[in-house]
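Dear colleague,

I am passing on the structure we spoke about, and below it I have set out what came up when I went through it. Please read the notes with the coordinates open beside you.

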Amino acid sequence: MAKQRLLSGVKPTGKIHIGNYFGAVKQFVDFQDKYECFIFIADYHALNQIQDPQKLKEDIIEVAKTYLSIGLDPKKVVLFKQSDVPLVTELAWIFNCLTPIGELKRAHAYKAAIAKNKPVNMGLFCYPVLMAADILIYQADIVPVGEDQTQHIEITRDIAKKFNRVFGETFKIPRAYIPPEVPLLVGLDGRKMSKSYNNSIDLFDSPEQIRKKVMSIVTDSRSPDEPKDPETCNIFAFHKLFSQKDLDAIAQRYRQGKISYKESKEILIENMNKYLEPFRKRRKELDENPDIVKKILEKGKQRALEVASQTLNLVKKKIGVLLD
Ligand code: ADP
Ligand code: TRP
């Protein structure tokens, strides 16, 4: 049986931190054998936030290098840039004509902007429609995303169903995949790890940066020999991801008052570096050979265009703009 198709993307809006990694991009690597994967860089979505050409270029390359450094294999996965497939914006227009304004007014990102009295451009308002076009143009079966994106997948499904109802069976109805048990990772200050809070550990931080950041993780002031609750400790939240092998032993030492926060941090630094070192190594190779990334994106573009143009042709027939 043919493999099901998986599609997902990340907005190029800065460095990728370990919250993005465990919450989103790691899943792509875990799935690359099971599904036919299309993974892209959502550069047109980022234009809402980033209106500085130099920064956008750098951030696009950053995401591409991240994908490759964490182990996505371009022989198995179609890696491409959203803007290299302009047909997707054409499909988004077609979907605009089917999408009730009311549905977009209920979208979380739009509501949040309104609540904060922030100016809203059409790009932010129509963000979910472009996302629907991203997903449906490749006839994706499964879309791995973080919890915060589930509403967008619901809107995508609504748009696909509406199109099928109005114009006849055309689109597969995709399903979201939310990774089980990925906690919302906390940052150094105990709030959600986020680029916007400046509290992140980034995937390519150097060992020196990791040391500095881990040492700054906020804890309570319990002394080394006091029992501690691992479940409420910000350091332990990271052990769950980086110290799997010794997790039970570390938890026990917490409960028995046999570990200081200082020692817990030292163990974490060592395990983090072990985990991240292969990523850093591959990243360095890519930094030294920038053409590799461009070639891979060019190859991905060709394959993505093939699939997208098939879908868009069918859509144009269905809506009646292709004259036979
Ligand atoms: P940020 O808040 O840093 O700007 P984004 O909103 O760009 O991150 O999120 C990109 C992806 O990473 C989303 O799928 C999101 O669910 C996931 N993600 C972001 N922050 C975290 C976190 N702290 N823990 C787990 N997943 C996260
Ligand atoms: N909106 C997603 C995010 O902010 C990025 C994205 C754009 C996406 N298009 C997509 C994710 C299509 C999955 C499928 O993280």
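How much space lies in the largest cavity? The answer is about 30 Å³, and please keep in mind throughout that this is a predicted model. A search of the whole structure finds 1 cavity of 30 Å³ or more. Its lining is made up of Phe40, Phe80, Gln82, Val85, Val88, Asp134 and Tyr138, which by class come to 5 nonpolar residues, 1 polar and 1 charged.

A nitrogen atom of ligand 2 lies 2.6 Å from an N or O atom in the side chain of Tyr127, while for the side chain of Asp134 the corresponding distance from a nitrogen atom of the ligand is 2.8 Å, and for that of Gln149 the distance is 2.9 Å. On its own ligand 2 would expose 370 Å², of which the protein buries 90%.

Turning to ligand 1, which residues are the closest to it? They are His17, Asp148, Leu185, Ser194 and Lys195, out of 14 residues that surround the ligand. Here the contacts I would point to involve oxygen atoms of the ligand: one such atom is 2.8 Å from an N or O atom in the side chain of Asp148, and an oxygen atom of the ligand is 2.9 Å from an N or O atom in the side chain of Ser194. The backbone takes part as well, with an N or O atom of Gly146 lying 3.4 Å from an oxygen atom of ligand 1. Of the 540 Å² of accessible area that ligand 1 has on its own, the protein covers 84%. The shell around ligand 1 divides into 5 nonpolar, 6 polar and 3 charged residues.

With best wishes

Terms used:
Residues are numbered from 1 along each chain as its sequence is written. Chains are lettered from A and ligands numbered from 1 in the order in which they are written. This is a predicted model: local features need pLDDT of at least 70, side-chain atom pairs count only at pLDDT 80 or more; totals for chains, interfaces and linings use all residues. Side-chain values use heavy atoms; hydrogens and water are left out. A polar contact is a pair of N or O atoms within 3.5 Å; within protein, one must be able to donate a hydrogen and the other to accept it, and residues adjacent in sequence count only if both atoms are side-chain atoms. Accessible areas come from the Shrake-Rupley method with a 1.4 Å probe; for residues, only the protein chains shown count as cover. On a 1 Å grid over the protein atoms alone, a cavity is a set of points where a 1.4 Å probe fits but cannot get out, and a pocket is an open set with protein on both sides within 12 Å along at least five of seven lines; lining residues have an atom within 4 Å of a point. Grid points are joined across faces, edges and corners, and a volume is the space filled by probe spheres set on the points. Ala, Val, Leu, Ile, Met, Phe, Trp, Tyr, Cys and Pro count as nonpolar, Asp, Glu, Lys and Arg as charged, and the others, Gly among them, as polar. A residue is near a molecule or strand if one of its heavy atoms lies within 4 Å of it.
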